[in-house]
Amino acid sequence: MTCLPAHTDRRLGLVIDLDTCVGCQACVTACKEWNTGGHMAPLTDVDPYGGNVDGVWFNRVHSYEHTTEMGGRTVNFPRSCLHCETPACVTVCPTGASYKRASDGIVLVDEDKCIGCKLCSWACPYGAREFDADVGVMKKCTLCVDRIYNDNLAEEDRVPACVAACPTSARHFGDLGDPTSAVSLLVAERGGVDLMPEMGYHPTNKYLPPRANTARAASVPAPALEPVRTEGGFLGWVDRMLSN
Amino acid sequence: MHPAFSVVFFTTATGAGYGLLALLGVLGGVGAILADFWLGLISMGLALGLIAAGLLSSTGHLGRPERAWRAFSQWRSSWLSREGVASVVTFVPAGLFGIGWVLLGRTDGWVVIAGLLAAVGAVVTVCTTGMIYASLKPIAQWHSRYTLPGYLIFSAMTGSVLLNALLQGFAVGSNILLAVCLLLSLLGWGWKLATWRHNDRLEIPTTANTATGLAGGTVRSLEWPHTEENYLLKEMGFRIARKHTAKLRRITQLLAFALPVLLLAIVFALPWPVAAVLSVLAAAAQFAGMLVERWLFFAEAKHTVALYYGR
Amino acid sequence: MSHGALRGANSAPSQRPLANTRAPDEGDGVDTSPDVSDSIAKTTCYMCACRCGIDVHIKDGKVRYINGNKDHPVNRGVLCGKGSAGIMQHYSPARLKKPLLRTGPRGSGEFREIEWEEAFSIATERLSTIRRTDPKKLAFFTGRDQSQSLTGWWASQFGTPNFAAHGGFCSVNMAAGGLYTIGGSFWEFGEPDWDNTKYFMLFGVTEDHDSNPIKIGLGKLKARGAKVVSINPCRTGYNAIADDWVGIRPGTDGLFVFALIHELLNAGRVDLDYLLRYTNAHVLVIQQPGAADDGLFARDGEGNLLAWDRVAKTQVNATDADAKPALTGSFMIDGRRCMPVFQLIANRYLHVSYSPDAVAERCGVPADTIRRIAAELAHVAFEQAIELPIAWTDWAGRRHETIKGRPVSMHAMRGISAHSNGFHTCRAIHLLQVLLGTVDVPGGFRFKPPYPRSTPPGPKPAGKDVRPMTPLQGMPLGFVCGPDDLLVDDAGTPIRIDKAYSWDAPLAAHGLMHTVIRNAWAGDPYRIDTLMMYMSNMAWNSSMNTVETMAMLADSDEAGNYKIPFIIYSDAYYSETVPFADLVLPDTTYLERHDCISLLDRPISHADGPGDAIRHPVVEPDRDVRPFQTVLIELGARLGLPGFVDDDGAAKYRDYADYIVNHERTPGIGPLAGWRGKDGTSIGKGKANPDQLQRYIDNGGFWHHEFTDDQRYYKMANRSYLDFAENMGFIPKAEPINFQLYSEPIQRFRLAARGHGRVLPPEGGRSRIETYMDPLPFWYAPFEEAAVDTQIYPLHALTQRPMHMYHSWGSQNAWLRQITSQNRLFVHHQTAAGLELVDDDWVWIESINGKVKGQIKLVDGVNANTVWTWNAIGKRRGSWGLKDNAAESNRGFLLNHIIGDQTSADANGKRYSNSDPVTGQAAWFDLRVRIVKCAAEEAGFTEPQFERFQQPPRFEPSPDKLSFGAEFRMKREAAE
């Protein structure tokens, strides 16, 4: 059913810290690796060793140069499904293949119903949809729905593969519908933002902006160094210090 | 947006087909067009043929066409589903009308109702098609008040020009219809120019800044996630050079509007069969012009995902 | 400081599973609990040198999924982009299938398959002849080898000094600079105190060997809001997240550091107490120009180092803990003028030539920025000092109630070391750390055991006396303390084929693998017979001057004999080097083998305790391949090498696994330190334990020992730690390790250049030794910069591996190549504008060594005098299972083609290796270029191009489609 649930019990999603992401691609391949054998298996790679290589990936990391009057910064930017509250990718789906789960807000594709019309990918402003040309259906990030509740994994491993892998701890997971959850607190503390808020899709995932060149940047309130005033200059200072 | 031929042809052909069907349903049903078997057969055949060919072509765009039947299920939320339902539903009154009007030669009773219903179905279907595009927020050139009227105008325009060609062909042309064709072509021309003007001046609030959440200053793409093109870029990262656009816009105007208007204007003063030949030429030129227009409709449409790739 | 209660690195509250992980009743038919694996094998990753613990999930005999091992001390559950793509490396279509014997010309790729028995007999016959006649005619060089304690020992048992791994072209400057100064170094030798540091400076690093630990650490700094300052021409990788990016001009980091030191000294912001306790700052240096002992330390009759007691006003044993040594002044000892090391330091770095204003322009860093950073360093080190409430006792028995720390930490790597001035720059950074008192203190830089070791560590390189059928007297690689330790003959000619430990590169602690092919080809210093290599792509991205290197490998003399007569190469993949081999020994993938990551070699210790690890086969090879180490052990036995056979000549070890368990380097010390002794209760030293490997497997593939709290810091002088280190065999005696700010071993070389001593440099090479063997760090322009006309070649050119390929062995992988299959040359906008270049232009990149063509990408985040590109993306057609139209061989390019492997000729016409003159470290980053827009018809494809390699027998074309994982789903759904 492509009508959206009026309410979801939870709003599961990711919080991505752009201040910390070094662009190492760990989340990218961890996602690929888990999901190519997971719920939407396979994540087909066409021409994997050739000149027209094109694979299905649920998570991709861009890099940008962000320049303001305060300075410039290189920003690594992971991009995946934001599991929006009002995802048009779901409502445009003619077959009911795309849907938003009422229980946890995860946006999924039921592959058996998908006709591969690609309209959902047109409706998604974020480029979160990935067409598997070999299978002929649309695929996308499942928020690792086959991990986060998986009884066959140890409790501690029940997080999305990208979050588990991220070496810098730039990725966080939880219920963004619960204002007291750790992720919600993190978003509040760090001024997390929505992507393209003007689209009105109300993405669940949040991005924490880089802190360099802002008031939030780490800084050291160091007074300028003054030459030692002791007689004899630096060597005199050494002697005095040692004789104290 | 990538101008896939299957979709370009689909929207152009069904637009013309539904326009023609609507005119036939109304004018045939009320007896404004006499129920001539061959005229009826060819005109209904052309209308339904364009619709069927368009719909068939659109399935060429599908990854799993054998499941296309599933697309009728989500009419409550999806314009594409509604289009599917409307297009199929329209076949019922259209078929009945065809039987009544063409085979039975009737222009009364249930045939009138079927004709009117077919016309309503055609208009609804064209509306749903227009809404598919008009509802897509990520594509500002489509998500505009120009899109839906455009689909309706172009459907009426191409349908009427086709109908005129058919009637002229059978030497039963009507100056009123000719006038309607001329007016619709001029309206279409004007609408297209207005649309382009609107799109060229669009101030899209979505930028690389809002796309990345990086406030202020400039955000420039440094490296793509993957160095080679992927589905998103092939489907939605299509780029067309400004020079190329200008040329295609001129071709569109010439073929879809200027030439048909000129030819149709001349037809007023000409007898059959020259009038018929020019009318058919006008319709053919317009159809070709509308294919170019529709190609541009896609090619000039910029999806927000391109912002992530610095396009 | 040690691990928190929660397992794994990603255990912040915002990274944990849902409070309730019971699947909600959604009713959408999604299987939220699919079966993941039949079994989980815990082993060690080998996608790079980081050695993370991995959980390999096996399903239906196939690798389903690999994730990080949460208990593992290196990665604590996280895994990088390479590690998570290991599946594609393991199932690569480029894997070799069987031993190969060359049939066509060298470099053609024409081979026939042979049986292992034939391979062994060919190798054995060849090598036994060499061993009987002249063992040094075997040159055995390995690449990204993590088994150097075996491979080096094998070379030693064979009797050839010609052994090294790839350290000489990787980061020996960093290792040697550190080991000769503080007895440890960055990377595997030490790490910042991530939990306590408040100010982190990163030099020349965008990604590193210590891949995940640094990333985990940066995550911690970011979570705490500690300041990250990066000094790097490129604003990528780690530099992207710095709070402060200093886009320095390449090769000038030394100047920058000296300016910081200048500022700190000038302001009296150095830790004198620390200097007195832990360094040789107070040791007296003889100042007698012209004398044979000028610049050496003053010693008493018993050889004790001397200092000047400023209270007693007399000479005193410098190691006397109760003395009050002077740090400044000039004193007469036995009629000779002497000065404390610190006085010499002050004299040098207080000089105006090292002031921020004097260096700013050359560094491309504003003087105010240098002054600000110096002020910040001082502020954090001295005003934000920390104290941990832990009592400890120092080497002299003095008890300290707390552990004091200066929370400034630093890390440096290849950007510093891969210059011809890298050794001294590394020393400069260590000097800065020590002056601030931040080495092995809370919040500072911390050693990883077995470091610190003495400065330099003990064993000297063996190879002075090479004789047939005779093992070397020790290991081929070691540390020289003066000219007497060099491996040169009486005429000063190098003994080693790579000229390591010769006057060309006296402190070549890792050898010079990058010189071997040229030297062997030229017969300089002599001709060899067989070049045996392992796991290093020397015919492509691991060599400088690739075009000529390939030609040298395939070159023959007038008689038609190859100049390098025989080449044996072991690799797991069909790399660019395989086609140049005469005999190819196919290796396994990392999931099909045993390995040990040993304390004898490059262990997985972290600052809170030593550790080591194993690899064990988690899947069976489906090809006729064997692990190289097992092959080497069998070859050793067939050759009858002493360490590899029993007294009766029978093979001593069945395979590498058997060796790992039973080999003892010295009594009780073997490759693995955990679960030693018959019952497995000993650590470090103990008898071989037949169950040792199983104990490792049961423990997740690794062993790790956690220090007591009082052992964690001040390891160079910590009684409890030093006793532990002696017991473990890390250091010969529990004596303090004194940081050598002034290096006497280096001064001994300088004295030789002045004609003192028995072993003297050749006449023409003396000024070079005099200049560069400076006992205190100094700065000089990188050699290529000094040699070329910088008007003609105005730009520096750098390479870096992308994070997702850094130090990766296979380097080619169906997933990773999708991320980067074409490399661009990154050019600053301003620079491009000046050259009238626009984004995506194709350009010739020209150096004095040649030219290569590539496509540019304009950026802001780079030093404007610098261009750079991703390294090792360009591939040669026919290699790595890539198709002919692959971007890697059509649009990707290799900058190596234009990096010379030799310097310009000096006044005597001598050309040295393009390396640091102290250590022989390859000076990759000295490169100077110009870029020129190419003609329109030249755009769109890279040049130079090379002939396509033939494919080995039975190589199928690589697949057109990969649906990896579909089989797991089909099976799951069939079972439902």
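This is a predicted model: local features need pLDDT of at least 70, side-chain atom pairs count only at pLDDT 80 or more; totals for chains, interfaces and linings use all residues.
Student: Which elements make up the secondary structure of chain B, and in what order do they run?

Tutor: Chain B has 11 helices and 1 strand. Read from the N terminus on, these elements of chain B follow the order α-α-α-α-α-α-α-β-α-α-α-α.

Student: Why can chain B be called as compact as a globular protein of its length?

Tutor: The C-alpha trace of chain B spans about 70 × 45 × 30 Å along its principal axes, and buried residues make up 55% of its 311 residues. The globule rule gives 19 Å for 311 residues, and chain B is as compact as a globular protein of that length because its radius of gyration is close to that value, at 21 Å.

Student: Which residues of chain B does UniProt list under "transmembrane region", and how far apart are the end C-alpha atoms of residues 41–63?

Tutor: The unreviewed UniProt entry lists residues 7–35, 41–63, 84–104, 110–136, 148–166, 172–191, 251–270 and 276–297 of chain B under that name. In the model, residues 7–35 of chain B are 79% helix and 0% strand, with end C-alpha atoms 34 Å apart. Residues 41–63 of chain B are 83% helix and 0% strand, and their end C-alpha atoms lie apart by 35 Å.

Student: Is chain A compact or spread out, and what is its radius of gyration?

Tutor: The secondary structure of chain A comprises 6 helices and 11 strands. For its 244 residues the globule rule gives 18 Å, a value that the radius of gyration lies well over, so chain A is more spread out than a compact globule. Its C-alpha atoms fill a box of roughly 85 × 45 × 40 Å along the principal axes, and the radius of gyration of chain A is 24 Å.

Student: What percentage of the residues in chain A are buried?

Tutor: Of the contacts in chain A with a separation of 6 or more, 60% are between residues 24 or more positions apart. As for burial, the buried share of the 244 residues in chain A is 71%.

Student: How many residues of domain 1 of chain C are in contact with domain 2 of chain C, and into which classes do they divide?

Tutor: Chain C is divided into domain 1, residues 13–79, and domain 2, residues 784–938, and the centres of these domains, taken over C-alpha atoms, are separated by 38 Å. The contact involves 4 residues of domain 1 of chain C and 4 residues of domain 2 of chain C. On the domain 1 side, the residues divide into no polar, no charged and 4 nonpolar.

Student: Why do the buried residues of H9(C) line one face of the helix, and which residue follows the helix?

Tutor: In helix H9 of chain C, residues 356–363, the buried residues are Pro356(C), Val359(C) and Cys363(C). They line one face because, seen down the axis of H9(C), they fall within an arc of 80 degrees. Their cover includes helix H6 (253–266) and helix H10 (367–383) of chain C. With a positive phi near 70 degrees, the residue that follows H9(C) is Gly364(C).

Student: Which classes of residue does chain C have on the side that touches chain B?

Tutor: Between these chains, 7 residues of chain C are in contact with 5 residues of chain B. By class, the chain C side has no charged residues, 3 nonpolar and 4 polar.

Key
Residues are numbered from 1 along each chain as its sequence is written. Chains are lettered from A and ligands numbered from 1 in the order in which they are written. Domain bounds come from an automatic or database domain assignment. Two residues are in contact if their C-beta atoms, placed from the backbone, lie within 7 Å. Ala, Val, Leu, Ile, Met, Phe, Trp, Tyr, Cys and Pro count as nonpolar, Asp, Glu, Lys and Arg as charged, and the others, Gly among them, as polar. A residue is buried if 20 or more other C-beta atoms lie within 10 Å of its own, exposed if 12 or fewer, and partly exposed in between; C-beta atoms are placed from the backbone. Helices (H or I, at least four residues) and strands (E, at least two) are DSSP runs, numbered from the N terminus. The arc is that of the directions from the helix axis to the C-beta atoms. UniProt positions are given in the numbering used here, feature names are shortened, and annotations may be inferred rather than shown by experiment. The radius of gyration is taken over C-alpha atoms; the globule rule is 2.2 Å times the number of residues to the power 0.38.
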